[in-house]
Amino acid sequence: MAEGDPGGPTCSGLTGGRDPLPSGSSCNFPEYELPELNTRAFHVGTFGELWRGRLRGADDLSLKEPQAPALPGFRGCADSAGEDAAVARDLGCSLEAAAELKAVCGFDRLKCLEEGQDPEAIPEDTDLVTLGARKRLMEHREETLTIDRACRQETFAYEMESHAIGKRPENSADLVEEGELILSLNILYPVIFHKDLYKSAFFYFEGIFYNDKRYPECRDLSRTIIEWSESHDRGYGKFQTATMEDVTFNDLYIKLGFPYLYCHQGDCEHVVVITDIRFVHRDDCLDRTLYPLLIKKHWLWTRKCFVCKMYTARWVTNNDSFAPEDPCFFCDVCFRMLHYDSEGNKLGEFLAYPYVDPGTFN
């Protein structure tokens, strides 16, 4: 599971609570049910085995870097003639025209900038039509644009995504193996934010509660739900329980696009949606120790002060005689100016609580 997994896209070798379906069963492929916008339930480990069996090519699962093609100058005459023929076929021109294009646009025609020249500056005497049009566009942009600031969220998302792209571990023992599955999970924020005070937690997938029992103080949070369901036969069927650290994603039955549940801190619930399942690629993060890997963080808008509309809220009030809304949010300055006199005496009737805006953690 996400918290019991020591690292890597998946861990293998453990058996889940249910026997996987036969390897030849088509039910293990995620066929979409369009009315529900999710797939039918399938066994992750069996799906991976069936997928590997369909890929018979030697390089289908390889994580090795592809060999760089040889430079044109080091190829033989046969390769050069083959390149000319390929260019002529793609462009629909004669072999003579392809050979002329190669002579005009080849690597030996490239010129390096002299020392001190700006690579972004376009020369005035260029005779290339496209480059001249770009020069005019850039000049117009410099005249009309006053500011070009990158979005902070886009920059942050790019940094998170590029942090581990193609990263390989220093220790070869931490290298992700070929043919391992990567699952993409979308974890939604809860409505109520809690401090991390308790160790107890569980995942819920397809009628089974997977309880976190790694620590002595952990207790079974699913017991209350199961007793409530069984008390009056509410039609949910027979729930099962399992230990989280004894199960991996390979052992699960899941549906792609279906909402599941992660619960911790007693009542802090996160909706979990598995959005994708695929094989690891050479361009993925290949360092097992970095998984589970955070690749995107949801952006939370900050709540502004109701009075000044400028600063982030620091106080929330209830039953406030000075506020048009209940609850109402204020920054520190506006809160004190509106609710207290110059000597610090309380004005009117209200209940005030310190407010920590979730957007401050962006």
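Which strands does helix α1 lie across? Helix α1, residues 44-54, lies across β4 and β10. It runs at about 15° to β10. One caution before I go on: this is a predicted model.

Now the sheet itself. Six strands make up an open sheet. The order is β4-β10-β9-β5-β6-β7, and the pairing is mixed. The edges are β4, residues 181-187, and β7, residues 240-243. Each has a single partner strand, so one side of each is left without a neighbour in the sheet. From one strand to the next, the twist averages 30°.

Look inside the sheet at β5 and β9. β5 covers residues 201-205, and β9 covers residues 259-264. They run antiparallel, joined by four bridges. Y204 stands opposite L261 in β9.

On to charges. Side chains of opposite charge can pair when their charged atoms come close. How many salt bridges does a search of the whole structure find? The search finds 10.

Start with E180 and R288. Their closest N and O atoms are 2.3 Å apart. This pair links distant parts of the chain, 108 residues apart. E180 is in the loop between α5 and β4, while R288 is in the loop between β10 and β11. Buried or exposed, E180? E180 counts as buried, at 9% relative accessibility. R288 is buried as well, with a relative accessible area of 19%.

Next, E83 and K102. Here the closest N and O atoms are 3.8 Å apart. E83 is partly exposed at 24% relative accessibility. K102 is partly exposed at 32%.

Then K135 and E139. The closest N and O atoms of this salt bridge are 3.4 Å apart. Both residues sit in helix α4, residues 129-144. They are separated by about one helical turn, because they are four residues apart in that helix. K135 is buried at 16% relative accessible area, whereas E139 is partly exposed at 34%. E124 joins K135 and E139 in a network of salt bridges.

C328 is buried, with a relative accessible area of 1%. For C334, the nearest cysteine sulfur belongs to C331, at 3.5 Å. A disulfide needs the two sulfur atoms within 2.5 Å, and C334 is in no disulfide. C334 is buried too, at 12% relative accessible area.

Last, the backbone. Where are the cis peptide bonds to look at? One runs from Y291 to P292, with omega near 0°. P292 lies in the loop between β10 and β11. Another joins D326 and P327, with omega about 0°. P327 lies in the loop between β11 and β12.

K309 has phi near 60°, and its place is in the loop between β10 and β11. K309 counts as exposed, at 55% relative accessibility. N319 has phi near 50°. N319 lies in the loop between β11 and β12, and is exposed at 53% relative accessible area.

Technical notes:
Residues are numbered from 1 along each chain as its sequence is written. This is a predicted model: local features need pLDDT of at least 70, side-chain atom pairs count only at pLDDT 80 or more; totals for chains, interfaces and linings use all residues. Side-chain values use heavy atoms; hydrogens and water are left out. Buried means under 20% relative accessible area, exposed over 50%, partly exposed in between (1.4 Å probe, protein chains only). Helices (H or I, at least four residues) and strands (E, at least two) are DSSP runs, numbered from the N terminus. Two strands pair if DSSP finds at least two bridges between them. Axes are lines fitted to C-alpha atoms, for helices over the stretch in contact, and angles run from 0 to 180 degrees between N-to-C directions. Contact means heavy atoms within 4.5 Å. A salt bridge is a side-chain nitrogen of Lys or Arg within 4 Å of a carboxyl oxygen of Asp or Glu.
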